[in-house]
Amino acid sequence: FRVMDNSSNNKTVRERIAVIIRVYSRISDAEALIHIIRTNWVHNDYEIFVVHNGEADGFLATPLLKECNYISVNSNSGHRSGATDLVKAALKRLSELSRFNKYIFIESDCWVIDDKLITEALLGMKANNKHCASYIWVPKRYSFAVDFFIIDSEFAKSHEELFDWDDHPERYFSRVARKETYLMRNMELVHAPTILNHFNLSPLVLSRGRFRIFPKALTIIHHL
């Protein structure tokens with residue numbers, strides 16, 4: 001996954017960013033994401049936090065997860081409500097810290113292979129005076145992704161209502177944060193060819209249709 005950066009005249013101001021990885025059972029995916037961030041995210045100063053709610057169900061944190069800023073949530077209250085619990089637990093820890101000007105919230109099974117997209121989003125946020133950055137999740141509903149989004153730290157601390165997600169977090173986030181959100185470019189979804197449905201090894205079949213790839217952004221979501 002190593003991505004070489006050959007630019008020798010990069011004048012972009014480096015941001016101090018907390019990266020919050022949310023994980024329940026996908027421990028190996030989280031470990032891969034940590035490796036990707038440490039290896040390929042080079043344009044800003046990142047500090048990784050892992051917020052995890054799988055211990056009580058037997059999905060034990062590994063030493064790699066615990067060597068990051070590790071936050072354990074005692075139980076998982078459900079697929080969607082559990083995600084809200086993880087975000088709020090991370091925000092509680094981050095509220096005590098002042099060294100970050102941006103937060104990136106990312107699911108363990110969302111692999112952003114390098115951080116050029118992040119740098120572009122940060123520039124877009126600044127140019128358009130926006131406090132958040134996300135991308136369209138379901139176009140017909142104009143919902144915003146919560147698997148991977150960026151937010152100003154002070155804005156997150158002062159707008160806790162942004163994280164009171166209901167059963168449809170993407171629609172909720174787009175409704176309450178629409179005016180404040182910069183939509184990331186190059187996040188055009190490409191589905192695997194439908195012919196793969198006829199083969200047992202199709203990622204669409206194995207992931208029940210949840211496998212998504214964004215080739216222009218070097219991003220893959222929902223691993224197997």
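Q: How many bridges join β4 to β9, and do these strands run parallel or antiparallel?
A: In this predicted model, β4 and β9 run antiparallel and are joined by five bridges.

Q: Which residue in β9 is the bridge partner of Lys102?
A: Lys102 has Asp152 as its bridge partner in β9.

Q: What about β6, and how many bridges join that strand to β9?
A: Strand β6, residues 132–134, is joined to β9 by two bridges, and the two run antiparallel. Ala133 stands opposite Ile150 of β9.

Q: Are the faces of β9 covered or open?
A: Both faces are covered. Phe148, Ile150 and Asp152 are buried on one side, as are Phe149 and Ile151 on the other.

Q: What does Phe148 touch?
A: Leaving aside residues up to four places away in sequence, Phe148 touches Ile104, Phe105, Ile106, Cys110, Val112, Leu117, Ile118, Ser134, Tyr135 and Met184.

Q: Which residues have the most contacts inside the largest nonpolar core?
A: They are Ile21, Trp41, Ile104, Ile106 and Phe148, in a core of 40 residues. The elements giving two or more residues to this core include β1, β4, α4 and β9. The largest share, six residues, comes from α1.

Q: Which residues does the second, separate core include?
A: That core has 29 residues, among them Phe49, Phe100, Phe155 and Phe163.

Q: Changing topic, how many disulfides are there?
A: The count is zero.

Q: Is Cys132 buried or exposed?
A: Cys132 is buried, because its relative accessible area is 0%. Cys68 is also buried, with a relative accessible area of 9%.

Notes
Residues numbered from 1 in each chain as written. Predicted model: local features only at pLDDT ≥ 70, side-chain atom pairs only at ≥ 80, totals over all residues. Heavy atoms only, no water. Core = buried A, V, L, I, M, F, W, Y, C linked by side-chain atoms within 4.5 Å. Buried < 20%, exposed > 50% of the residue type's maximum accessible area, 1.4 Å probe, protein only. Helix = DSSP H or I, 4+ residues; strand = E, 2+ residues; numbered from the N terminus. Contact = heavy atoms within 4.5 Å. Disulfide = S-S within 2.5 Å. Pairing = 2+ DSSP bridges.
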